[in-house]
Protein chains: 2
Amino acid sequence: MQILDAKDFKYERDVETGTEQQLTAVMSIINEVKTKGDAAVKSLTKQFDKVELNELRVSEAEIEAAYTKLAPELIEIIRDAKENITKYHEKQKQNSWFSTQENGTILGQKVTPLDRVGVYVPGGTAAYPSSVLMNVLPAQIAGVKEIVMCTPPGQDGIPAAILVAAKECGVTEIYRIGGAQAVAAMAYGTESIARVDKITGPGNIYVAIAKKMVFGVVDIDMIAGPSEILVACDEKATPAYAAADMLSQAEHDVLAAAYCVTTSRQQAEEIRQELAKQLLELDRNEIAKQSLEQQGKIIIVANREELLAVINDIAPEHLEMMVEEPFSYLGEIRHAGAIFLGPYSSEPVGDYFAGPNHVLPTSGTARFSSPLSVDDFIKKSSVIYYSKEALKANGRKIVSFANEEGLDAHGKAVAIRLEMEGL
Amino acid sequence: MQILDAKDFKYERDVETGTEQQLTAVMSIINEVKTKGDAAVKSLTKQFDKVELNELRVSEAEIEAAYTKLAPELIEIIRDAKENITKYHEKQKQNSWFSTQENGTILGQKVTPLDRVGVYVPGGTAAYPSSVLMNVLPAQIAGVKEIVMCTPPGQDGIPAAILVAAKECGVTEIYRIGGAQAVAAMAYGTESIARVDKITGPGNIYVAIAKKMVFGVVDIDMIAGPSEILVACDEKATPAYAAADMLSQAEHDVLAAAYCVTTSRQQAEEIRQELAKQLLELDRNEIAKQSLEQQGKIIIVANREELLAVINDIAPEHLEMMVEEPFSYLGEIRHAGAIFLGPYSSEPVGDYFAGPNHVLPTSGTARFSSPLSVDDFIKKSSVIYYSKEALKANGRKIVSFANEEGLDAHGKAVAIRLEMEGL
């Protein structure tokens, strides 16, 4: 684990865009699904997942059966988490609005939920029920009526916790397909899957490339890169907590990055020792160890200003402010996906339970993007009711503007009204 | 101009994605700019725009000079339009918010403007000052501090109206570069252009492909396709107005689509005659004529339900409700970029002047996307302050959830606090 001074740190983190070979492979999968529909989906599933599919759709009976396989306490925890996530996301709902003018003009903005969305849920070791909650609940709260879920069939079927989470959150259709073929099926539709308007959810590089390729045909959420955490400490922070939270990111993936930024060199050493000690107790210690060695860094800063500069430079997905008076930093933190304040706000609190979404912008994209939210499942329409009086007052200016742009039919559309109405 | 019954109408409108050749050309331009910076930008400008560039950046003196070339009335109209657009977009601003719980927990969402954005403004016959207003003002109102504009150098320089509009709206830097090379320069940065966080603005197919390719490195707005209008009429609508508004779209581009949907077959005939008559008077009548013949359609519907079904099927960029009681339809209109209500709300009113944005989702993408707005120039960060009491109450549930997902370091990050704090 490298300890270095802020002046020796340069943030470089590229967004993974896929090799030429991966791009070609995905393009061909998309074209196959687009042209051959269900048949292509089935043969690709056989090829990649080694599963022979009959029914693409998961039946109600299978979903009901999943409940019997899950510990009742876990079902209760899923319901508790759902309640917290629902409460938080309810506050993101936006109203349609309008404003009126005395001449009768009304201008406004209508908010409408999307009709139909698709959520991708990865399979294998990355089968996370929390991912179902975090992707589906914002759509459901936005008012989306049809919520489709696609997830790989798996050699042993779809994990029960995934099916239960989907049912609890109001998913309306579940299909046992994964990979780029699932993305293509949701974007273009097949005989048995109607096309959706937006696709969200994490996935491997093939899923990410496929989402980028169908972007425009449908909307997508951000392309997720590896997970990151930055734990910002002052002298008072508890090294054991900083280390534990860094490890909770590092265990995700060898590419996951755990950063610590601290004003104390002595503390940096203590955190390094804690990391070494706690690492030994982890199930996924090989992954976490590699991540720490290759991606992890402890950065020493001279003062608060330098601390904030490193934070805004990295624009971390998860930012923990393990400092005194953490709220006092909020105004100066410009870029972060989620900001965890104080010693008890360990990152896993946000991953599962507190309420905010765990789908966050990675790899520095917090510079321009936001956590997944209800906003992602609505769209807006401008509303314009121009009165006769407003047209009389402004019509000639609009005609001049149109003529300046060399678009005379635009001008004439207004002029014909001025003339015929005698304005 | 085709008149047909709703039952014979099937909406098909593909999003243009570019040929293999175009994709390869753009990929190579992006790589050149990424690796060679300013030198590549200059040589590509020489190649494509036939202009030898010394200074990329437009000087303050050139911007000042532009004011002397523009009619004072036009400057006034630009200022009036700016005022209306500003007033409307001010209402889109969102507040940061937080909520508190009795156990001390605070959850919230922080709203922060983007640091630096780039606006692309096309050159040539498509040099529209209104496009500057509509792209720049939402960014400026959102609080973006650095707003960069790129526009092709042009054989006769950049049009004065473009420079004046940019200055009026608070653009902070203007560069005379266009095409895919401008998009690449803004996304990756060069020696003289610092990289931006988001790129918006219309452009030709090369610009559109480049934006899609850099998406992820920076954010982009929607890829704009050809313009569309749908004029929805009942028996009382004035055929001359419907025709004039359809022509205002048709003159944009031979690919622009003007649809009329009406409950009256007789009126459909009258609109067709009006179109033929008004077409003769247009400067751009060749373009408008081709557009009407190839893309235009008048669709006859039996009743209000069918009318709404066609609207929601097409999901038009511009929708005009030239019907009695237009507001009564609002709840049932699910997909439209901008909705113009009543006989005086001619589409050009919204293009230039009323206040709402004219950057709207095209080609059916109103199913999932929104007009350009202040929302596009802010991002959100979740804020989580978990109290000791909340951790005590919920910590064990969080540990169980983490263990269910096989992420024990996540569980341990919470467990270590429960233990060390004696919770």
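## Cysteines

Across all chains of the whole structure, a search turns up zero disulfides. C150(A) is in no disulfide, and its nearest cysteine sulfur, in C169(A), is 16 Å away. Keep in mind as you read on that this is a predicted model.

## How the two chains are related

Let us turn to the pairing of the chains. Chain B is superposed on chain A by a rotation of 180 degrees with 0.0 Å of shift along its axis, and the RMSD is 0.0 Å. That is the relation of a two-fold axis. The same surface serves both copies, since 100% of the contact residues of chain B recur in chain A.

## The surroundings of L56(A)

L56(A) sits in the loop between α2 (38-49) and α3 (60-69) of chain A. This leucine is buried, with a relative accessible area of 4%. Setting aside neighbours within four places in sequence, L56(A) is in contact with several residues, among them D38(A), V41(A), I174(A), Y175(A) and I193(A).

For a sense of distance, L56(A) and V414(A) are 358 residues apart along the chain, and their C-alpha atoms are separated by 54 Å.

## Annotated binding-site residues

An unreviewed UniProt entry carries the annotation "binding site" for S227(A), Q249(A), H252(A), H318(A), D351(A), E405(A) and H410(A). These positions span 184 residues in sequence, and the farthest two C-alpha atoms are 56.1 Å apart, so they do not all gather at one spot.

S227(A) lies in the loop between β8 (219-220) and β9 (228-233) of chain A, and is buried with a relative accessible area of 14%. The side chains of S227(A) and Q249(A) are joined by a polar contact of 2.4 Å.

H318(A) belongs to strand β12 (residues 318-322) of chain A and counts as buried at 3% relative accessibility. Beyond its neighbours within four places in sequence, H318(A) has contacts that include S227(A), Q249(A) and D351(A). A polar atom of the H318(A) side chain also lies 2.7 Å from the backbone oxygen of E228(A).

Key:
Residues are numbered from 1 along each chain as its sequence is written. Chains are lettered from A and ligands numbered from 1 in the order in which they are written. This is a predicted model: local features need pLDDT of at least 70, side-chain atom pairs count only at pLDDT 80 or more; totals for chains, interfaces and linings use all residues. Side-chain values use heavy atoms; hydrogens and water are left out. Copies are superposed by least squares on the C-alpha atoms of residues with pLDDT of at least 70 in both. Contact means heavy atoms within 4.5 Å. A disulfide is a pair of cysteine sulfur atoms within 2.5 Å. Helices (H or I, at least four residues) and strands (E, at least two) are DSSP runs, numbered from the N terminus. Buried means under 20% relative accessible area, exposed over 50%, partly exposed in between (1.4 Å probe, protein chains only). UniProt positions are given in the numbering used here, feature names are shortened, and annotations may be inferred rather than shown by experiment. A polar contact is a pair of N or O atoms within 3.5 Å; within protein, one must be able to donate a hydrogen and the other to accept it, and residues adjacent in sequence count only if both atoms are side-chain atoms.
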